[in-house]
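Please look over the sequence and the structure below before reading on. The report that follows begins with the chain and then turns to single residues.

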Amino acid sequence: MKLVTVYTDGACSGNPGPGGYGAVLMYRGKARELSGFEPNTTNNRMELTAAIKALKALREPCKVELYTDSAYLCNAFAKKWIENWQSNGWRTSGKTPVLNQDLWIELLQLLEVHEVSFFKVKGHEDNEHNNRCDYLARQAIHTALEAKVLNGNSK
């Protein structure tokens, strides 16, 4: 399997509010950037979306080292929250429905294709790839909101 390094980040302007995601995929010295926007979302949804979009961009099964500043994403696997949620019928330990279940299920399906290891990095520090993802996510929000204003769709 090819080894691909992936950095991801999500951002939100308000929570909930307009959101964006960014990802950088690296393989053999080459990088590919992804970003996108959703008009009404949460930061956690954008963190998950960034990982999903990055994994979906891979054309074949790969071994992936995925770096994120999202404790939510990392802890779901490191602390086995995801296993507990599944065994509890997608309910938390407090018996409430798991938030973002649709995205967790989509991510789990991608983990059946790719061999993914998750790594937590500090956000807004000196990691150039994480900072680039943050920029891409925020730029996606800015560009979409600017386009909305220019097209006369602002409220």
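Predicted model: local features only at pLDDT ≥ 70, side-chain atom pairs only at ≥ 80, totals over all residues.

## The chain and some of its residues

Taken along the principal axes, the box filled by the C-alpha atoms is roughly 45 × 45 × 30 Å.

Of the 155 residues in the chain, 43% are buried. The chain exposes about 8,800 Å², and carbon and sulfur atoms supply 48% of this area. As for charge, there are 19 positive and 17 negative side chains, and the centres of these two sets lie 4 Å apart.

### Cysteines

How many disulfides does a search of the whole structure find? The search finds zero disulfides. C74 is in no disulfide, and the nearest cysteine sulfur, which belongs to C133, is 13 Å away. A disulfide is a covalent bond between the sulfur atoms of two cysteines. Because a pair of cysteine sulfur atoms counts as a disulfide within 2.5 Å, the 13 Å between the sulfur of C133 and the closest cysteine sulfur, in C74, is too far for a bond. C74 is buried, with a relative accessible area of 6%, and C133 also counts as buried, at 0% relative accessibility.

### Backbone geometry in the loops

Most residues other than glycine have a negative phi, and most peptide bonds are trans.

A cis peptide bond joins N15 and P16, with omega at about 15°, and P16 lies in the loop between β1 (2–12) and β2 (17–27). K80, although it is not a glycine, has a positive phi of about 60°; K80 is placed in the loop between α2 (71–78) and α3. W90 likewise is not a glycine and has a positive phi of about 60°, and W90 is found in the loop between α3 and α4.

Is W90 buried or exposed? At 13% relative accessibility, W90 counts as buried, whereas K80 is partly exposed, with a relative accessible area of 45%.

### Two further residues

N100 is placed in the loop between α3 (81–87) and α4 (101–111), and N100 is buried, with a relative accessible area of 12%. Which residues does N100 contact, leaving aside its neighbours within four places in sequence? The residues in contact with N100 are N44, R45, L48 and Y72.

E146 lies in helix α5, which covers residues 128–150, and E146 is partly exposed, with a relative accessible area of 41%. Between E146 and D102 there are 44 residues of separation in sequence, and the two are 29 Å apart in space, C-alpha to C-alpha.

The table below gathers the accessibility of the residues discussed above.

| Residue | Relative accessible area | State |
|---|---|---|
| C74 | 6% | buried |
| C133 | 0% | buried |
| N100 | 12% | buried |
| W90 | 13% | buried |
| E146 | 41% | partly exposed |
| K80 | 45% | partly exposed |

Notes:
Residues numbered from 1 in each chain as written. Heavy atoms only, no water. Buried < 20%, exposed > 50% of the residue type's maximum accessible area, 1.4 Å probe, protein only. Areas by Shrake-Rupley, 256 points an atom, 1.4 Å probe, with all protein chains shown as cover. Lys, Arg positive; Asp, Glu negative; His and termini not counted. Charge placed at Lys NZ, Arg CZ, Asp CG, Glu CD. Helix = DSSP H or I, 4+ residues; strand = E, 2+ residues; numbered from the N terminus. Contact = heavy atoms within 4.5 Å.
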